[in-house]
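Here are a few notes to go with your first look at this one. Keep the structure open while you read.

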Amino acid sequence: MKIFTIRTAAVLAAVVLLFSGCAGEQKSVTIGISKIVEHPALNAVEQGIKDEMAELGYDDISFDVQNAAGDMNTAGQIASKFLFDDVDIAVGIATPTSIALATAITDRPVIFTAVTDPVDAGLVDNLESGKNNVTGVSDLTPVAEQIDLIIELTGAQSIGTVYTSGEPNAVKLAELAEEAAANRGLEFVSTTIADSGQVKQAAEAIMDRVDAVYVSTDNTVFSALPALIEVANQNNVPVITADPSSFGDYDVLAAYGFDYYAMGRATGRLIDEVLEGSEPADIPTRFLTDPEDLLLVLNLDVADRLGIEVSDELVEQAGSIIRNGEVE
């Protein structure tokens, strides 16, 4: 009886130790998220990350979400904060904040997302692998197809754009748009800004020279998009953007691009891989390749005001339309 009691006690002790060990392995996780500005696309990425982590079962997780308000000095301060606070993973939403994180943090994983060209930004050396502690998700948008949409909708012979000269993703997209326009025999008129306060003046400088305006996923321009749209409306010039997530908030003719919430979910899955032990250096840059991750939205009220006839075919292709003030 005594021997049985000792053995039983030993087994019970082992079970207690086993469960104690398991509880210890389920440590809390802190994710630092740095956004370059507040705008619907980047907010959708943030929400997608949070929802994916919740669905994956991360109950004891906290998020430190910071907004750099378009300022690179602030982005650097946020990176230093994450380093000092010892976050488990730092996530940069958009190119400038991702660069700031990768520059300041080298001893723990850095995940970039919504970055157009991570190679050009210096985040990775190639798209086939990460770089040291850095990997992530690209949002290289289908620029040529967006230019084709502008042509189909408006018959434009000249396309204008305003972009941020200090934002690498914006520069890259402007180059791609200019190339696509040239290949289609169109005039491309561009002007640059340094901050969001210059958007209205820049739009005024080109609006009388263009048939349509293309707005890429330029975070700084999007943060002041109402100012650009105001100038466009005064000149009866249609605006087409690359960001469907903000479509309902702005009076634009059309938007065609990625579902940024889906991009956030993909980023969450990547974070999970790293937390499970995968090395960032071994993970290639991820892209959204499912056609369902691309959305076309049309505002038929804007089309009517501008005298633009939208084909039934495009209406059928659209994931959402606005008609008589209602979203369908």
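1. Start in helix H2, where you'll find both Glu46 and Lys50. The two sit four residues apart, about one turn of the helix. They also pair up: Glu46 makes a salt bridge with Lys50, with 2.9 Å between the closest N and O atoms. A search of the whole structure turns up 17 salt bridges.

2. Bear in mind that this is a predicted model. The average pLDDT for the protein is 90, and 91% of the residues reach at least 70. Among the elements, strand S3 (residues 89-93) has the highest mean pLDDT, 98, while helix H1 (residues 2-25) has the lowest, 42.

3. Now for the layout. The domain assignment gives two domains, each written as two segments: domain 1 takes 30-140 + 259-291, and domain 2 takes 143-257 + 294-327. Going by C-alpha atoms, their centres are 27 Å apart. Domain 1 puts 19 residues into the contact and domain 2 puts in 18 residues.

4. How much area do domain 1 and domain 2 bury between them? About 1,400 Å², with 62% of it on carbon and sulfur atoms.

5. Which residues make a salt bridge across this interface? The rule finds one salt bridge between domain 1 and domain 2.

6. Helix H2 (40-55) comes back here: helix H2 and helix H4 (95-104) each supply at least two residues of the side that touches domain 2. Sorted by class, this side of domain 1 has eleven nonpolar, three polar and five charged residues.

Notes:
Residues numbered from 1 in each chain as written. Predicted model: local features only at pLDDT ≥ 70, side-chain atom pairs only at ≥ 80, totals over all residues. Heavy atoms only, no water. Domains from an automatic or database assignment. Contact = heavy atoms within 4.5 Å. Buried area = accessible area lost by both parts, 1.4 Å probe. Salt bridge = Lys/Arg side-chain N within 4 Å of Asp/Glu carboxyl O. Nonpolar A, V, L, I, M, F, W, Y, C, P; charged D, E, K, R; others polar. pLDDT = per-residue confidence, 0-100.
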